[in-house]
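Try each task before you read its solution.

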Amino acid sequence: MNSRRHSPKIKSIIWAHIKATMPFRQDLIKYKRIVTPYRTNPDNDWLALEQGLDQIELIRAYHGDLTGKVALEMGTGWQPTIPMLLSLLDCEKIILTDVERLISYSTVVDAMSFISQNREKIAARLGLSPDGVARSLGRALSSDFDELLKNLRMSYVAPYRISEFEPGSVDVIYSRAVLEHIARDDLAIIFKEQRSLLKSGGVMCHIIDNSDHWEHKDKALSRVNFLRYNALSWRVINSRGQLYQNRMRHSEYVKLLESCGYRIVFEKCDMDSNAAKDAASMKLAKRFRKFDSRDLAGVTSYLVCSVV
């Protein structure tokens, strides 16, 4: 505990704010990727795969077979690992969305390569054959980006606007490590609007990272370090854009979804024992003192819900 630092490095905070407010940011990202292609992080790749497989098991348990279904992913990010799994399960259409364009031909091919390298594990979890996984990926491969997405039955919508989709056109809406980057008031609007997108019997499935994301690259911080800051201090530290963190706890997501007209059919929150010790010993910001230890130290939420 004594080795813990209580705030992110100043230079990291400054750089995060600069990136979030940089003019022509989208153009700069585009040119950066031409010069320096996106490099995957093996740890992140494995976590995305493990959680993606868990997420698909939850969706199948509470929605059923995904063959011929339409799925929409909120916040695909750089590498479409989970959409690739849904493609293997013969979803009719997988809609990838972002607020700004991130995926590219190379990141899709990288995801295909990662899936192929791990086809034994994936096939076992999804009830497929490893050879079948390899054949599906091989048939989809193309040197043209648009053709590649079409072969995978994917479409990419960025920027994503709910108003562009027909009501009752989606069977499954899902996200992984996305909701924590959206402000609570904006989430309420999104959840209410997405109700109209779901078909009868459709479900939403979200995996949420409730930990302090500054800790991801700075292990001297606690996974719940951000619970110590009052609203004003956190506004100074917290940046907008992709690095924004709403600090919501598991129970708050549950209450928000229910208030927006959803019924929670499955919920789980993984607690970190070290985070529980840290939360118990730190001076919490006033807004977090009402939560119990499991909510404070709950670092990963799993939620499945349907429309009431």
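**Exercise 1.** Which residues in helix H11 are buried?

*Solution.* Before you start, note that this is a predicted model, where local features need pLDDT of at least 70, side-chain atom pairs count only at pLDDT 80 or more, and totals for chains, interfaces and linings use all residues. Residues are numbered from 1 along each chain as its sequence is written, and side-chain values use heavy atoms, with hydrogens and water left out.

Step 1: find the helix. H11 covers residues 250–259; helices (H or I, at least four residues) and strands (E, at least two) are DSSP runs numbered from the N terminus.

Step 2: apply the burial cut-offs. Buried means under 20% relative accessible area, exposed means over 50%, and partly exposed is in between (1.4 Å probe, protein chains only). That gives you His250, Glu252, Tyr253, Val254, Leu256 and Leu257.

Step 3: look at what lies over them. The cover includes helix H9 (184–195), strands E5 and E6, helix H13 (293–296) and strand E7 (298–307).

Step 4: check what comes after the helix. Gly261 follows H11, and its phi is positive, near 95 degrees.

**Exercise 2.** Find the salt bridges that Arg125 makes with Glu50 and Glu57, and work out what they link.

*Solution.* A salt bridge here is a side-chain nitrogen of Lys or Arg within 4 Å of a carboxyl oxygen of Asp or Glu. The structure holds 12 of them.

Step 1: take Glu50. Its side chain meets that of Arg125 at 3.7 Å, N to O. Glu50 sits in helix H3 (residues 42–63) and Arg125 in helix H6 (residues 119–126), so the bridge ties together parts that are 75 residues apart in sequence.

Step 2: take Glu57. The N to O distance to Arg125 is 2.8 Å. Here too H6 is joined to H3, so parts 68 residues apart in sequence are tied together.

Step 3: check accessibility. Glu50 at 28%, Arg125 at 25% and Glu57 at 36% each come out as partly exposed.

**Exercise 3.** Is Asp272, the salt-bridge partner of Arg223, buried or exposed?

*Solution.* Step 1: locate the pair. The closest N and O atoms of Arg223 and Asp272 are 3.0 Å apart. Arg223 is in the loop between E5 (198–209) and helix H10 (231–237), while Asp272 is in the loop between E6 (262–271) and helix H12 (273–281), so parts 49 residues apart in sequence get tied together.

Step 1: compare the cut-offs. Arg223 is partly exposed at 29%, whereas Asp272 is buried at 17%.

Step 2: finish with the network. Salt bridges with shared partners join Glu50, Asp54, Glu57, Lys121 and Arg125 into one network.

Methods. Contact = heavy atoms within 4.5 Å.
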